[in-house]
Amino acid sequence: MSTLTTERLELTPVSLPLLEAVIRGDRREAEALSGARFPEAWPGRALVERAFSSPLDRLREDPDAFLWGTRLMVTREQEERVVVGSVVLNGRPDGTGTVEIGYGVEGKSQGLGYATEGSRAVLHWTLQQAGVTRVIATTPSWHRASLRVIEKLGMRPAGTLEHDLLGELLVFERFREVRA
């Protein structure tokens, strides 16, 4: 999987060794593997477990499937490369060609447009991949920042679903453009 580049970001693939280093809290190894400095308060095991919808042992059994498309957002415009967030896909497309996208930006870097910039690049990449027909995103109705990102990505409302912890989530979708 290749690195994607935007105006301000490099979106570098997440590997299983990198994910394992983050889970263990081994900052030195995570930074060496990513080639970038991680923020002090981000990430951690709780974030990893929340970001991936599958249990960690299933992820370890087939990392290529579960880490498919997942990338770190690393700054390009600063002297030092810094991880400011990630864009996570829920793995390869399912039987209907659907992939779910999610994103997170560390606290000090929020509100600077990184979520939109990084997610837009990964969304574009995802919709060009074989077997993908639709990308969805879910968010609680109260999460205004996430709703703004979803809107800027050109995603449209597609319904709701119930989440065990978060309650009702709004579902948005974007389809692959069919060219005649």
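Tutor: Let us begin with one residue pair. Pro157 stands opposite Phe172 in β8. Please bear in mind that this is a predicted model.

Student: How do strands of a sheet pair in general?

Tutor: Strands of a sheet pair through backbone hydrogen bonds, in either a parallel or an antiparallel sense. In this structure, β7 and β8 run antiparallel and are joined by seven bridges.

Student: How many residues lie between β7 and β8 in their hairpin?

Tutor: Three residues separate β7 and β8 in that hairpin.

Student: Which sense of pairing do β6 and β8 adopt, parallel or antiparallel?

Tutor: Strand β6, residues 134–140, pairs with strand β8, residues 167–175, in the antiparallel sense, over seven bridges. Within this pairing, Thr138 has Val171 of β8 as its bridge partner, and Pro140 stands opposite Leu169 in β8.

Student: What is the order of the strands in the sheet?

Tutor: The sheet is open, has eight strands and shows mixed pairing; the order is β1-β2-β3-β4-β5-β6-β8-β7. The edge strands are β1 (4–5) and β7 (156–163), each of which pairs on one side only. Helix α7, residues 144–152, packs on this sheet and touches β5 (98–105), β6 and β8. The direction of α7 makes about 160° with that of β6.

Student: Let us turn to the β1 end of the sheet. How many bridges pair β1 with β2?

Tutor: Two bridges pair β1 with β2, in the antiparallel sense. Leu4 has Leu11 of β2 as its bridge partner. These two strands also form a hairpin, with three residues between them. On the next step, β2 is joined to strand β3 (residues 71–75) by five bridges, and the two run antiparallel. There, the bridge partner of Glu10 is Val74 in β3.

Student: How is a pair of packed helices described?

Tutor: Two packed helices are described by the angle between their axes and by the distance between those axes. Here, helix α1 (residues 16–24) packs against helix α2 (residues 27–34) at an angle of about 155°, with the axes 8 Å apart. Angles over 145 degrees count as roughly antiparallel, and α1 and α2 are therefore roughly antiparallel to each other. The crossing of α1 past α2 is left-handed.

Student: Which residues make the contact between α1 and α2?

Tutor: From α1 the contact involves Pro17, Leu18, Ala21, Val22 and Arg24; from α2 it involves Glu29, Ala30, Leu33 and Ser34. By class, the residues of this contact divide into six nonpolar, one polar and two charged.

Student: Which residues of α1 are buried?

Tutor: In α1, the buried residues are Leu18, Leu19, Glu20, Ala21, Val22 and Ile23.

Student: Why does Glu20 count as buried?

Tutor: The cut-off for buried is under 20% relative accessible area. Glu20 has a relative accessibility of 19%, and therefore counts as buried. Glu20 is found in helix α1, and the C-alpha atoms of Glu20 and Ala30, ten residues apart along the chain, are separated by 8.4 Å.

Student: How many helices and strands does the protein chain have, and how much of it is buried?

Tutor: The protein chain has seven helices and eight strands. Of its 180 residues, 43% are buried. Among its contacts between residues at least 6 apart in sequence, 58% join residues at least 24 apart.

Methods. Residues are numbered from 1 along each chain as its sequence is written. This is a predicted model: local features need pLDDT of at least 70, side-chain atom pairs count only at pLDDT 80 or more; totals for chains, interfaces and linings use all residues. Side-chain values use heavy atoms; hydrogens and water are left out. Axes are lines fitted to C-alpha atoms, for helices over the stretch in contact, and angles run from 0 to 180 degrees between N-to-C directions. Helices (H or I, at least four residues) and strands (E, at least two) are DSSP runs, numbered from the N terminus. Angles under 35 degrees count as roughly parallel, over 145 as roughly antiparallel, 65 to 115 as roughly perpendicular and the rest as oblique. A crossing is left-handed if the near helix is turned anticlockwise from the far one by less than a right angle, and right-handed if clockwise. Contact means heavy atoms within 4.5 Å. Ala, Val, Leu, Ile, Met, Phe, Trp, Tyr, Cys and Pro count as nonpolar, Asp, Glu, Lys and Arg as charged, and the others, Gly among them, as polar. Buried means under 20% relative accessible area, exposed over 50%, partly exposed in between (1.4 Å probe, protein chains only). Two strands pair if DSSP finds at least two bridges between them.
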